[in-house]
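Student: I have the model open beside its sequence. Could we go through the side-chain surroundings, step by step?

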Amino acid sequence: MSDTVKSRADELAPTIVDWRRDLHRRPELGFEEIWTSGYVKERLESLGLEIHTGIAETGIAAILRAREPKRPGVLLRADMDALPLDEVPGRDYGSQTEGRMHACGHDGHMSMLLGAATMLSERREELDRDVLFCFQPGEEGYGGGEKMIQQGVLDLTPIGSAYALHLWSPLPAGTVHVRPGPMMAAQDSFTVRILGKGGHAAMPHAAQDTVVAAAYAVTALQTVVSRNVDPLEAAVVSVGLLHAGTVSNILPDEAVLSGTLRSFSPEVRELLKRRAAEVIEQAALAQGCRAEFKLESGYPATVNDAAAVEQVRAIAAPVFGAENVHEPPPMAPAEDFSYFLNERPGAFILVGAGNEERGITAPHHSPAFDIDESVLPRGAELLVRIALQERIG
């Protein structure tokens, strides 16, 4: 079976690359993926799949039903949205939409999943379960995965497990990286208004200095991880925005700061939320100011099932070579495939897509981001083999 899947993936490689480039030229932001979902739908319809549209606005689910299903189905997911930035010029497949770019590999994810759907539709007789191809909108901070679940994507057919591939340019092409347990962090953000009393900078005793209060708050936040989190746990507290004042000789009556919290366990996540609020409020109070703390909960941690990871490693070995299947450390970026893994066992898998020799080294979310397209047929092959061989669902 493996040789025939590989040879078919190689045959489809030019088509998969063409799909990726078509999608790359027409990037759309979260929940605006109208052209993108139409493009995906057209290709799924040609495969004779059962298609459901309009899930979480622009999301698509397509079901390949087994002739005689004997166990719950498997969900294979690709995200569809792009990012709000301008791509570097000069690429013949570059973005044709100003201020929009596929700078995180989602175009490649869609093309790999379309390739897998094509190959699996040709192997319907080998299936002992349904396969649900999930094309998800709004991964980049919009929570599209959660919305698809809320709108019933997991109820379209019984689902026993869920998998997603993510191309990763910092890792070399031809490698696979997957670990049991936490793979990606939970992400929460906060915004704080520190309110005091403005005044002349030469007479600070007559004011309540919000700049000093904000500076104390930023410094004190650094103790949350170092003094409240178990040293054997991992966490991040970072302030990315701090704004106060207009000129050098006026003390402003308000300062604003915002930041991010990253964690890998529910316990640490709740600790960070609580301590961040307490530290900021007390830092403001110490300067005679008050703080209005607003927390926005983001994606939960992406936690892989241990049995699923073990099987993915075995399945990936003949595709990429056993020596190219690695276990990475947990990573601080967040990913909303976490919502699927909260509902079903499975795995979130990184596929290396960088290539130093070809100059493909730019990080994700960069205007120069790109991928080594040679990995696309291998990713499609891996998805096919997971659908056919995985046995935890």
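**Contacts, cores and open space**

Student: Which residues is Asp 372 in contact with, leaving aside its neighbours within four places in sequence?

Tutor: Asp 372 is in contact with Ala 173, Ala 353, Asn 355, Arg 358 and Ile 360, once neighbours within four places in sequence are set aside; contact means heavy atoms within 4.5 Å. Please note that this is a predicted model, in which local features need pLDDT of at least 70 and side-chain atom pairs count only at pLDDT 80 or more, while totals for chains, interfaces and linings use all residues. Residues are numbered from 1 along each chain as its sequence is written, and side-chain values use heavy atoms, with hydrogens and water left out.

Student: Where does Asp 372 lie, and is Asp 372 buried or exposed?

Tutor: Asp 372 belongs to the loop between strand 16 (346-354) and helix 9 (376-389). Helices (H or I, at least four residues) and strands (E, at least two) are DSSP runs numbered from the N terminus. Asp 372 counts as buried because its relative accessibility is 5%; buried means under 20% relative accessible area, exposed over 50%, and partly exposed in between, with a 1.4 Å probe and protein chains only.

Student: What about His 365: where is that one?

Tutor: His 365 is in the loop between strand 16 and helix 9. It counts as partly exposed, at 43% relative accessibility. His 365 also has a positive phi of about 65 degrees, although it is not a glycine.

Student: Changing topic, what is the volume of the largest pocket?

Tutor: The largest pocket has a volume of about 230 Å³. Of the 16 residues lining the largest pocket, the closest to its centre are Glu 139, Glu 140, Pro 333, Ala 334 and His 365. On a 1 Å grid over the protein atoms alone, a pocket is an open set of points with protein on both sides within 12 Å along at least five of seven lines, a cavity is a set where a 1.4 Å probe fits but cannot get out, and lining residues have an atom within 4 Å of a point. Volume here is the space filled by probe spheres set on the points, which are joined across faces, edges and corners.

Student: And what lines the largest cavity?

Tutor: Its lining consists of Arg 77, His 109, Met 112, Leu 113, Ala 164, Leu 165 and Leu 383. The space in the largest cavity is about 30 Å³.

Student: Which residues have the most contacts inside the largest nonpolar core?

Tutor: They are Leu 76, Leu 120, Phe 133 and Phe 135, in a core of 65 residues. A second, separate core of 26 residues includes Ile 55, Leu 132, Ile 149 and Phe 348. A nonpolar core is a set of buried Ala, Val, Leu, Ile, Met, Phe, Trp, Tyr and Cys residues joined through side-chain atoms within 4.5 Å.

Student: What does Leu 120 touch, not counting residues up to four places away?

Tutor: Leu 120 touches Leu 64, Leu 76, Leu 127, Val 131, Phe 133, Val 384, Ala 387 and Leu 388, with residues up to four places away in sequence not counted.

Student: How many aromatic pairs does the structure hold?

Tutor: There are six. Rings of Phe, Tyr and Trp (its six-membered ring) pair if their centres lie within 6.5 Å; planes under 30 degrees apart count as stacked, over 60 as edge-to-face and the rest as tilted. Phe 31 and Tyr 142 form an edge-to-face pair, 5.8 Å centre to centre with 80 degrees between the planes. That pair links distant parts of the chain, 111 residues apart: Phe 31 is in the loop between helix 1 (2-25) and helix 2 (34-45), and Tyr 142 is in the loop between strand 4 (131-136) and helix 4 (144-150). Phe 31 is buried, at 16% relative accessible area, whereas Tyr 142 is partly exposed, at 34%. Phe 190 and Phe 293 are a stacked pair, 5.8 Å centre to centre and 15 degrees between the planes.
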